[in-house]
Amino acid sequence: MATQTSAIPLTQPPLSAPTPTLQVPPVSRKKQASVLVSAFLTIVLTIGYNQCYGVFQEYYLSSKQDVLVPSPASQNTPPTALLTFVGTLSAGLTWAGSIIVNPVLSRIEHGTWSSTSSSRRWRRQLTPRMITLSGVVLMSVGFLLASFSSSIWQLLLTQGLLYGLGSSLLYFPLLSPAPEYFTTHRATALGAILAGGGAGGLAFAPTIRALLSVVGGRWTLRICALFMLVVGTPVACTVPQSRFPTSPAEVGSSPLNAEVDAETQERRQTHVSRSLFTKSTFIFSALAAIFQSAGAQLPLSFIPTYSVSLGLSSSQGATLLAASSAINAVSRIATGYAGDRLGRQNTLVLTVLVAMVSIFAFWLTSVVQASSSLWYGFIVIYNIAAGGYYALFPATIAEVFGIRQYAAVNGFIYFIRGLATMFGSPVGGQLLGRIADGPGAYVKVVYWDGALLLGATACVAGVRWTDARGKGWNWIA
């Protein structure tokens, strides 16, 4: 059966100025499936692990751990904030690396490096595949060196810094071009891709918890190193190319692009222009990213430890973390589908609002009443809602700012998301009360998380309002 293909326009000119649209070579359904699967597996290996670091954190804080000397459990004031920072550092660097990785990728693809005789040779050898393979090696080495650590600062350099840098090198070359391969069902496709974070957490959390119980911390880290190398290497070899023309000559030679204006002959933008910094939609998008990323990671960091404070076992805490990942994965697909039909911005505002309300209605009440039932309810409601932001904000960026500026805006948003992730959970660790207080020790943590998501709700609503004010109101947006 012949493969169905069609030329897909990537930009839409304003109605008042009917300039020709940029046409790119047709893409087959088989290629779309390949991009979706490789990007999904990338999310599994990077975001999936980041979402279940809380299992390692709970282990490091327990009296049974065999990695840190002296044991944090033996200290009068356990270094919860520092151990939390190990996980948020890796998660933050995964996203913050966009500010460097995306521009480098664009220059490799479009040959716009400034040429000197001393650097010409290694630049010819530098390819997106080399970048992703280097990322896999760094991720694996980070886990391996962490297995020989005995102090928190060593974990910060290995399980935090090295792994985070490596995951960023793997993440962006495979994820940045992905939206270019989908149009009508872009939010659904990106939701399915980003569901890999939940799928990875679902697989990793109980597996890591079981390994920690059976073989201990050091051998668990070594097994993770081997897994990342074996599974990550073939994924790193599937880097898709940008579908934008790579040079003016290529644009002119294509019959599909005979009437492309000067803008379409430029390479994909990877730097945010100064004019964008003055736009209300951009300012609100950036602030929403800061508040949401700082607040959204916090419950995942504390699910295992808070579950133990309620009287549950470490294994039950890991199971709840896996369940939250599973719910999150399904939600990303469902909200992506809903966004394509009800409006991506509408759905985004609703999901962030529900996530914020669940913090106060379920988690805070669970803390006050020491109720595990309310805690279970929070995990379900929160993860249904929280998955919406991850699924919808990339498609919303493309919708609000245009696919031509997607790489630039998305890269910057990811950068500030990474920085914000690094302080949300560690500040929560500092606000954590005495372990002897049980669930009551988490009161300030919950208020901190709720305040962050309240700010995120206000900002995504601001994006919806300012975008509608500039383009005209549309109920489905």
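How many aromatic pairs does a search of the whole structure find? The search finds 26, where rings of Phe, Tyr and Trp (its six-membered ring) pair if their centres lie within 6.5 Å. This is a predicted model, in which local features need pLDDT of at least 70, side-chain atom pairs count only at pLDDT 80 or more, and totals for chains, interfaces and linings use all residues. Residues are numbered from 1 along each chain as its sequence is written, and side-chain values use heavy atoms, with hydrogens and water left out.

**Overall**
- The protein has 17 helices and two strands, taken as DSSP runs (H or I, at least four residues; E, at least two) numbered from the N terminus.
- Of its 477 residues, 56% are buried, meaning under 20% relative accessible area with a 1.4 Å probe, protein chains only.

**Aromatic rings**
- Phe277 and Phe282 pair edge-to-face (planes over 60 degrees apart), with 5.2 Å between centres and 75 degrees between the planes.
- Phe282 is buried at 2% relative accessibility, whereas Phe277, at 41%, is partly exposed (between 20% and 50%).
- A cluster linked by ring pairs holds Tyr49, Tyr53, Phe56, Tyr59, Tyr60, Phe143 and Tyr163.

**Charges over rings**
- The charged end of Arg222 sits over the ring of Phe148, 4.7 Å from its centre; the cut-offs are NZ of Lys or CZ of Arg within 6 Å of the ring centre and within 35 degrees of the ring normal.
- Arg417 lies over the face of Trp95, 4.3 Å from the ring centre.

**Helix 10**
- Helix 10 covers residues 216-236, and its buried residues include Arg222, Cys224 and Met228.

Technical notes:
Expected span 1.5 Å × (residues − 1). Phe/Tyr/Trp six-rings, centres within 6.5 Å; stacked < 30°, edge-to-face > 60°.
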